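Subject: Structure handover

Hello,

I am passing this structure on to you.

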Amino acid sequence: MTEVRLHDVELVPERTLGGPTDDEPLRGRLTFGWDVLPADHDDMPDHWTSYVGAAPDREFRHLLLVCSFRPETPAGRGEFRHASLGVALSTPDDGVRPVARLIDPGERTRPVATSRTGMKVTVTTGLVDVGLDKPSGGEPERNEWIVRGHGASQPDPQWEFRRIKGFPLVGDHPVAALVELVPGRLNTAEVLVAAEVEHRSWGIRRYRARLAPSPHAIVLAR
């Protein structure tokens, strides 16, 4: 069992050619938290436990990260459209780096209704009437991703978050990595968040926030 404490994150607007120069940082819309757990804790996924058990001579940590997206406020308008969370694992020695052997999720999905329509053509006394013919019954569904992970077995894992129809990008979104450590060295993680916010009148604005090393240093092992 773990308890992740969330910290408010200030999102700094990216400066783009032709874009506004007086954009204020976005505050109160994103919080971020983490925990570093031993590889033998009780809440480890079974297949992660099996992976660790098959490599008794190697050392691992369970890195848990949580991004929490908040709805728009009068002081922070716009809806989150897309976001990404990137992790750079490192040691003081540039030649060796920790590796995220496993990541979770690889993909997290939600069911979305799809409307299928067919073409209906009616010919009456030389006139052609073309319309849409909707099938009877409930609308079919397909799964679309809301979180997608990249970079398993790499030192730079990354997750993408996006809104889809019926599921705005709000609430808590936990992700995790099983990190193989470099023994005998300080192992750390630096986190960078990027987000796209869609304003009704301003269009899309892009923001970034570097969450480590200060004030959110993540030390995996000393």
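Predicted model: local features only at pLDDT ≥ 70, side-chain atom pairs only at ≥ 80, totals over all residues.

Residues are numbered from 1 along each chain as its sequence is written, and side-chain values use heavy atoms, with hydrogens and water left out.

Overall make-up

The protein has 1 helix and 14 strands; helices (H or I, at least four residues) and strands (E, at least two) are DSSP runs, numbered from the N terminus. Of its 222 residues, 38% are buried. Buried means under 20% relative accessible area, exposed means over 50%, and partly exposed is in between (1.4 Å probe, protein chains only). The protein exposes about 13,000 Å², and carbon and sulfur atoms supply 49% of that area. Accessible areas come from the Shrake-Rupley method with a 1.4 Å probe, and for residues only the protein chains shown count as cover. Among contacts (heavy atoms within 4.5 Å) between residues at least 6 apart in sequence, 74% join residues at least 24 apart.

Strands around β3

Two strands pair if DSSP finds at least two bridges between them. Strand β1 (residues 7–13) pairs with strand β2 (residues 26–38) in the antiparallel sense, over 4 bridges. One of the residues involved is H7, whose bridge partner in β2 is F32. Strand β2 is also joined to strand β3 (residues 60–69), by 9 bridges, and these two run antiparallel. Here P38 has R61 in β3 as its bridge partner, and F32 stands opposite C67 in β3.

Is β3 enclosed or open? In β3, 10 of the 10 residues are buried, so the strand is largely enclosed by the rest of the structure. In a regular strand the side chains alternate between the two faces of the sheet. In β3, F60, H62, L64, V66 and S68 point one way, R61, L63, L65, C67 and F69 point the other way, and all are buried.

Salt bridges

Side chains of opposite charge can pair when their charged atoms come close. A search of the whole structure finds 15 salt bridges, each being a side-chain nitrogen of Lys or Arg within 4 Å of a carboxyl oxygen of Asp or Glu.

One of them joins the side chains of R61 and E59 at 3.1 Å, N to O. E59 counts as partly exposed, at 39% relative accessibility.

Another joins R185 and D93 at 3.5 Å, N to O. R185 lies in the loop between β11 and β12 (187–199) and D93 in the loop between β4 (79–90) and β5 (99–104), so the pair ties together parts that are 92 residues apart in sequence. R185 is partly exposed at 33% relative accessibility, and D93 is partly exposed with a relative accessible area of 33%.

R142 and E144 also meet through their side chains, at 2.5 Å, N to O. R142 counts as partly exposed at 45% relative accessibility, whereas E144 counts as buried at 17%.

R58, R101 and E180 are linked in a network of salt bridges. E180 is found in strand β11 and is buried, with a relative accessible area of 14%. A polar contact of 3.1 Å joins the side chains of E180 and R58; such a contact is a pair of N or O atoms within 3.5 Å where, within protein, one must be able to donate a hydrogen and the other to accept it, and residues adjacent in sequence count only if both atoms are side-chain atoms. Leaving aside residues up to four places away in sequence, E180 touches R58, E59, F60, P98, V99 and R101.

R108 is in strand β6 (residues 107–113). R108 touches E144, W145, I146, V147, H173 and P174, not counting residues up to four places away in sequence.

Regards
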